[in-house]
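Here are my notes on the model you sent over.

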Amino acid sequence: MFSKACKYAINAMTYIATLPKERDRVGLKEISKEINSPEAFTAKILQVLVKDHLLTSIKGPNGGFTMRGKSEEIFLGQIVEAIDGDLLFTGCALGLEHCNAHHPCAVHHKFKAIRDHLAGMLMTTSLKEVAFGINNGTNFLRS
């Protein structure tokens, strides 16, 4: 459903959200290790999140990444859109270029209901909620 880059982005943002407030920033190596992702690939993903104003990046030996904003104000849907675009929210289940209510594919109406439900969940689930599950041990970032 999500691209590999999007999965890593959600996990990276979630990891950053789990950190104690007194931690200023976290480095690329630590993020990559904690979410079990290749460092170079993670660096590219994090830069996209910086460009989309979800993260702040500080260079140098004491640098790293921090969330731009509060974890309760950043939603999973924003991360998905930053990395994968809006195709998950608008795309056709069968991949047709022109699929809509006036020119639907064979599964348009059923898929639209699923897509709308998924979009609603992603746009209302904050990083704070997801991080809470990680911090209390009911959810995990990696197997």
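The points below go from the overall picture to a few local details.

1. First, a reminder that this is a predicted model. The protein has seven helices and two strands, and from the N terminus the order is α-α-α-β-β-α-α-α-α.

2. On overall dimensions, the C-alpha atoms fill a box of roughly 55 × 30 × 30 Å along the principal axes. Of the 143 residues, 37% count as buried. The accessible surface comes to about 8900 Å², and carbon and sulfur atoms account for 56% of that.

3. Contacts and charges, briefly. Taking contacts between residues at least 6 apart in sequence, 62% join residues at least 24 apart. There are 17 positive and 14 negative charges, and their mean positions are 4 Å apart.

4. Now the strands. E1 (residues 55-58) and E2 run antiparallel, joined by four bridges.

5. Which way do the residues of strand E2 (residues 64-67) point? Gly64 and Thr66 go one way, Phe65 and Met67 the other.

6. Is Ser71 buried or exposed? This serine sits in the loop between E2 and helix H4 (76-84), yet Ser71 counts as buried because its relative accessibility is 14%, under the 20% cut-off. Beyond its neighbours within four places in sequence, Ser71 is in contact with Ala17, Ser126, Leu127 and Lys128.

7. Last, the aromatics. The structure holds one aromatic pair: Tyr8 and Phe41, arranged edge-to-face, with 5.7 Å centre to centre and 80 degrees between the planes. Tyr8 belongs to helix H1 (residues 4-18) and Phe41 to helix H3 (residues 39-51), so the pair ties together parts that are 33 residues apart in sequence. As for cover, Tyr8 is buried, at a relative accessible area of 15%, whereas Phe41 counts as partly exposed at 31%.

Notes: Residues numbered from 1 in each chain as written. Predicted model: local features only at pLDDT ≥ 70, side-chain atom pairs only at ≥ 80, totals over all residues. Heavy atoms only, no water. Buried < 20%, exposed > 50% of the residue type's maximum accessible area, 1.4 Å probe, protein only. Contact = heavy atoms within 4.5 Å. Areas by Shrake-Rupley, 256 points an atom, 1.4 Å probe, with all protein chains shown as cover. Lys, Arg positive; Asp, Glu negative; His and termini not counted. Charge placed at Lys NZ, Arg CZ, Asp CG, Glu CD. Pairing = 2+ DSSP bridges. Phe/Tyr/Trp six-rings, centres within 6.5 Å; stacked < 30°, edge-to-face > 60°.
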